[in-house]
Each structure stands twice: as structure tokens, then as C-alpha cells.
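Here are my notes on this model, point by point. Please read them with the structure open.

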Amino acid sequence: MEFVQSEFASELFLRIDQTKRDRILSVAVEEFASFGYSGANVNRIAQSAGISVGALYKYFATKNDLFLYIVEVAFNRMTLYVEQIIHQDSHVFEKLEHLLRLAKTYSLKDPVLIRLYSVFTSESDEARAGMIAQKIEGVTSGAYRELIRLAQEKGEIRNDIDPGVLAFLVDNQLISMQFSFACFYYRKRFSMFVGAQDDEQSELVIKSIIKALKSMLEP
């Protein structure tokens, strides 16, 4: 798992062996995804990571710092993936198809981190929830809005719909795709609507979503 320079992690954490960092973060992500922020237990995280509780607190001063550091990691990873696609020299619908396929691939590769997203969205502490929303959604909302705006300027899609509304529509499609491959409830929901979740059917779903978006948005 990637790591980042952050106010939430100590310099000591950033200097330890990468394998150890990966183990601590992976265990913490699993803990928060399984039990939520309130139910997550620092002692359990330390034990599963094979370190002492004292050592964990040397790396992260509080449970909240550990949680927010994970938010930073998720944010950095999302920013990297999204920007690579947004800045491609291709038609807007090709970019949207790549984003949908990325949502599927990313969710299959790291489903626990996607499940953790539901913890972010259900955070009861309004101050922390607002910060998380600003951090995570800030990058995607701005990137998708700019993607739509430029496509409208190029005449690739109709320009009589607010780019923010279209960006919101696109983001909802991507979130639904992520959850459909990472969360049991949404996997079941996927199969009830469109059938088996194999590669062939998944590809059909992606192509069908793009076809539907084209029918709505092409000039």
C-alpha cells in the first residue's frame, strides 16, 4: 500500500520498513472497514499487525490520526488514477469507459479499501465527515466537472445541461460500479439486475452504460 507524507503520521512511521508499514495500514483498513470508526479497536490493530500498542501510538498519536492517514492514502491513490485518465488525449466517452473499467478493476484489486469508503460516508462526527468529504470528493467533483466542461466546449456532448449535474451523474455511476464489485450487498444487487458478475457480463454492463450515456448526452 502506498504511503504519503502527512501531518497525521509521525516521522518514525515514515522511516520504518515498507513491509511493516504495509502490514500496519492493511490491518488498520480491515479493522475500520469491518467495525467502523467507533468500533475499531487500537489494541486489536496493534495485535494483528504484530506490534505493541505503544509502538502504534508512536506512529500515530491517536486513532483519529490513523484513520485520517488512511483517508490521505485513499485520496492520493484516487487522485493518481483519475488524473491519468482525465488527461488522456481521447474522446470524453472513451475516458468515461476507462473510468468505469478502472472502478471495476480497482474494486476487485482492493475491495477492503472500497468497503472502507462506506465508513467514510457514514461517519457520524460532522466535522470529520465534512473534512473527509472535502478531501475525497473534492478531487473527483472538480476533475469530472472539468472533464464535462471541456467536452461541452469541444462539442462532444450537449451543452444544455449544467456540467456539475453531469459530473454528479458520472460520479454516481462510478461509485455504484465500485460497490458492485467490493460489497456483498451491492454484488447481490448487481446480479439481481444484470445477472452473473463474470468478465463477459461486466464488460456488457460497462458498454451498456456508455451506450446509455451517449444516447442522453451526444449532441
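1. Start with the surface. Met192, Phe193 and Val194 make a nonpolar patch of about 360 Å². Patches here are made of residues with over 30% relative accessible area and no salt bridge; like charges are joined within 9 Å, and nonpolar side chains (Val, Leu, Ile, Met, Phe, Trp, Tyr) within 5 Å. Areas come from the Shrake-Rupley method with a 1.4 Å probe, and for residues only the protein chains shown count as cover. Val194 lies in helix H10, residues 184–194. Helices (H or I, at least four residues) and strands (E, at least two) are DSSP runs, numbered from the N terminus. Val194 counts as partly exposed because its relative accessibility is 34%. Buried means under 20% relative accessible area, exposed means over 50%, and partly exposed is in between (1.4 Å probe, protein chains only).

2. A word on the source. This is a predicted model, in which local features need pLDDT of at least 70, side-chain atom pairs count only at pLDDT 80 or more, and totals for chains, interfaces and linings use all residues. Residues are numbered from 1 along each chain as its sequence is written, and side-chain values use heavy atoms, with hydrogens and water left out.

3. The overall picture. The protein has 11 helices and 0 strands. Its C-alpha trace spans about 60 × 35 × 30 Å along the principal axes. Of the 219 residues, 48% are buried. The protein exposes about 11,400 Å², and carbon and sulfur atoms supply 53% of that area. Among contacts (heavy atoms within 4.5 Å) with a separation of 6 or more, 67% are between residues 24 or more positions apart.

4. Which side chain of opposite charge is nearest to Lys95? Glu156 is, at 6.5 Å. Lys and Arg count as positive and Asp and Glu as negative; His and the chain ends are not counted. Lys95 sits in helix H6, residues 92–109. Lys95 is buried, yet has no salt bridge. A salt bridge is a side-chain nitrogen of Lys or Arg within 4 Å of a carboxyl oxygen of Asp or Glu. The Lys95 side chain does reach backbone oxygens: that of Ile86 at 2.9 Å and that of Gln88 at 3.0 Å. Beyond residues up to four places away in sequence, Lys95 touches Ile85, Ile86, Gln88, Ser90 and Leu147.

5. Helix H7 deserves a look. H7 covers residues 111–121, and its buried residues are Val112, Leu113, Ile114, Leu116, Tyr117, Val119 and Phe120. Take Phe120 as an example. Phe120 counts as buried because its relative accessibility is 6%. Leaving aside neighbours within four places in sequence, Phe120 contacts Phe67, Val71, Ala74 and Ile132. Phe120 and Val71 are 49 residues apart along the chain, but their C-alpha atoms are separated by 8.4 Å.

6. Now the charged pairs. The count comes to 8 salt bridges. One of them joins Glu203 and Arg101, at 2.4 Å from N to O. This pair links distant parts of the chain: Glu203 is in helix H11 (residues 199–217), Arg101 is in H6, and they are 102 residues apart. Glu203 counts as partly exposed at 28% relative accessibility, as does Arg101 at 25%. A network of salt bridges links Glu97, Arg101, Glu203 and Lys207.

7. H6 and H11 are linked again elsewhere. Asp199 forms a salt bridge with Lys104, with the closest N and O atoms 3.6 Å apart. Asp199 is in H11 and Lys104 in H6, 95 residues apart. Are these two residues buried or exposed? Asp199 is exposed, with a relative accessible area of 58%. Lys104 is buried, with 11%.

8. Last, a local pair. Arg149 and Glu153 meet in a salt bridge at 2.4 Å, N to O. The two are separated by about one helical turn because they are 4 residues apart in helix H8. Arg149 is partly exposed at 32% relative accessibility, whereas Glu153 is exposed at 58%.

Notes: Polar contact = N/O pair within 3.5 Å; in protein donor to acceptor, adjacent residues only side chain to side chain.
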